[in-house]
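Thanks, everyone, for making the time. I would like to take you through one interface first, and then two local features, with the cut-offs stated as we go.

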Amino acid sequence: MSQRQVLQVFEQYQRARTQFVQAVAELSARPQNAESLRSAGTWGAVGGRGGLWGPGPQFVGNFFTDGNQEAAAPCDHLGLGVAVKNCRFYKKAAAFVLRAVGKHSPQLAQAVVQCGALESLVICLEDFDPGVKEAAAWALGYIARHNSELSQAVVDAGAVPLLVLCIQEPEIALKRIAASTLSDISKHSPELAQTVVDAGAIAHLAQMILNPDAKLKRQVLSALSQIAKHSVDLAELVVEAEIFPVVLTCLKDSDEYVKKNGATLIREIAKHTPELSQFIVNAGGVAAVIDCIGSCRGTVRLPGIMMLGYVAAHSENLSMAVIVSKGIPPLCTCLVEEQEDHIKAAAAWALGQIGRHTPEHARAVAVANVLPTLLSMYMDTHSSEDLQLKTKRALKNILQKCTYLPALEPLLQDAPPNIMKHIVGQFSKVLPHDSKARRLFVTTGGLKKVQEIKAEPGSLLQEYINTINNCFPEEIVR
Amino acid sequence: MNPAPPSPGRSPGRLRRSAHTGPGAGGGRAAPQAPAGRARKRLGPRQEGGRHHLSPSPAPRRQHRAPSSLTAPRRLPGPSPRGCRCRTRSPRGAGPSRGRPGLPAGGAGWYGPLPWRRRRRAGGGSGGSMAALARLRARLPALREECFRRNRCVDEDRKIKYKAAVKIQSWFRGCRVRAYLRHLNKMVICIQKRWRGYQSRRYFRKIVKTAYFIMKMNFYNEMAVRIQKRWRGYYVRKYIHNYYALKKYLEAVSVNNEIVRNELQEYAEMNENERKKKDQEKKEKEKKYQARKMHYLLSTEQIAGIYNSPFRKSPDPMELLLRQSKPLSHRQQQVKSPFTDELYDWPTCKRPPTFHAGEPLPPIGRQKPQGPFCDTAEVLRQRYKPLEPTLRVAASIDSPLGKARAEMKREEWRNHIHDNEFLPFSSYHKNEKYDPSIHRSGKYGQETYGIKHFREVQPNKWVTGKDFQTVSPSIVLFEKFGKTYSRCGQIV
């Protein structure tokens, strides 16, 4: 009887304690209470002897998620507690706290690592409860995100094989987090990516591309692209997992970021060698990417544009394949419509890569009437340095091979001298051999414009002008 | 009286002195002082000048006559038949030597028969001898004068004649030498001409050969260039820049792109349908649930429900739904299965989307006719991999000391002439026979060929036993060349 009474008293105490901590946790969820809570000294009350328990970690996690970067000391308690305590809620909450602490800066993540939290988190990854695994994977992901040393620390703690096991679990959320963590680990260096590949991640990731869940697809594609970007061998491994042509379905997904990550993956693969680009072209990837560019707006287009540029840069056959797949009109619309300078710069660069190989290519680009746009962008004072540089290079490359005179004539009017040199040079190469072109040149007033150009005697421009003047009889020139 | 050996410069004086040692000793004694003094005077310039003034010295002239009578007192050179100023032919007596040994033949040619010899031959019996003696005695005083006069003439002539003779001789020698040189020159020109011609023709033949060779090589090169030109053009056009293959490839790429685009379009449409269907089903489900919950709004026979207004033509669809639905009992909601998002949970599309992209694209025609199947760089690396021996292999089995010893032994063995060990005690070598080396051992002793002579003679092959004889005479003029004087005077 008295025993019961004694136990009752203690139960009351526990209940009151839990209620108190829960109430404080709820209050701390709101950022405006943080200051008052701190001043009220709740930390000591909750922390206290015996460490945090129950919803305590929840409170601490909330305390930290809003950017409050004090007191990494509780991490020690948490780290040990996670290993010791069997309670899965505790583990989840502790992992949540670690994640909250580790996500702000590399120093905090370093502190988390130093107090030995990694081992505990890896132990959590082996837990049966998927929630615990998810929380642990999330924390590891946030820690590994900052830099390659922290990633290496995570890998050294033996997290990667467990993450690969996590990916195979049926829970979608767990899959998502595991894929995101693998992506964060492998993005820093080729060695880390190789570690991830060695654990057999690629096959599982490749299977998950077909999954209908959009967020999962985002993470999976991101992980694959982070693996493939480092070297040719890794890219070939990714390709060998038979992602083509399934990956192309991702480019038609309704989710923007799935399209973006899909395009990123294809871009990282196409970047390395002409053979890989060839493979992608043969699989119809270029057409899919072109359609994707046409249907998107904004930064989502950027990887697709760069992919076209990389493919065209490798060889003239591939460039011709891009042209044949009707790649130039979307790029031109991109150049014109987009507001952001870096996307315009990318489009200009891609056009330059397409048009620089042979006169055929330059003609295809010039016919699309894109040269005046490039020129105006180059001359525009509001354009950024990068955009100006890229448009100038693209113009130079295309003009040096362009023999399509109707496209060159509009440029004669307002081109700066360094571009004018190329334009007039092209005229001087074509006009001596083509009588029809000469007639057209005179009738459209091109000759007059050429006369109006002032050039230093002895310079290359003057030589070109002389060559042009020599094609015509004296009276017309005057 | 004159034991001193004649010095060339002094000889005329000495001759004179010797000339007078005979019967005219007394007079001769007195005489030498004057002519000797004269001779000495004359000797003076001659002596001082040494032999340089004179052309080929009188010594050779004298020596020419030396072999016959060196020690015997020389006779005077007789008055020369021409050019002497004091030329007398008056016979004189008291020839200094009677029965003297005969003059050399050459000397005799210069003079006529000597007067006293003539006289002696002509001399008859004894009667005439007394008269002859008286005559001779009468002539005696004039004899000395005559003698002196003759000597002086001769002396005066001598120099001139000597010089003239020298001049003539030197000129002649010069002519002879020049003729010889011209001859030599002509011969040499002939030889050189023939030799040069031969060399040039040889050289010319070589030049012709090389020019021909170069011509051939140019021709071959040009033909090779033509072949290579054609071949390279063909190869490049067929395998590297195959225009038609590229065209076909690009067409295939377009076709493939179309297919891919269609399929992607279908896929997108399918996705859209899926989504719509899902939404629709969701709405349906919701509606049904609502209907089940609000089944009490169903209209009865007596009271029309809100959805079954009598003023409507037909009942509201909700009414129909209510009629169909079962009343809902509050049972536990089913736990949402974690497998709902599985891969094949699509309502409309039962099979997963497959992608068949038509035929595989044709290759660009890049079948290389032959080639390594591995990466070229790798093959080369493997083929020319440098040897990297392990330390155990690289270091040899023998120790350096052993190797050095073996090396020394080898060197010693190499430097030995023979392998017989030298045994110091003479008893070992006592009975040894001498083994001459191959160079020196022939069948019957040492071979002379290769040591003493190098020219092989095979007498059994000779045609005759005699030596060559000159058939055509040599040039007389040059025969004496180099032979006229003693060897130490030879220049040419």
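This is a predicted model: local features need pLDDT of at least 70, side-chain atom pairs count only at pLDDT 80 or more; totals for chains, interfaces and linings use all residues.

Across the interface of chain B and chain A the rule finds one salt bridge, meaning a side-chain nitrogen of Lys or Arg within 4 Å of a carboxyl oxygen of Asp or Glu. That bridge joins Arg261(B) to Asp291(A), with 3.1 Å between the closest N and O atoms. As for the side of chain B that touches chain A, its residues divide into 15 nonpolar, four polar and four charged, where Ala, Val, Leu, Ile, Met, Phe, Trp, Tyr, Cys and Pro count as nonpolar, Asp, Glu, Lys and Arg as charged, and the others, Gly among them, as polar.

Residues are numbered from 1 along each chain as its sequence is written, chains are lettered from A and ligands numbered from 1 in the order in which they are written, and side-chain values use heavy atoms, with hydrogens and water left out.

In terms of contact (heavy atoms within 4.5 Å), 23 residues of chain B meet 25 residues of chain A.

Beyond its neighbours within four places in sequence, Asp129(A) is in contact with Arg88(A) and Lys92(A).
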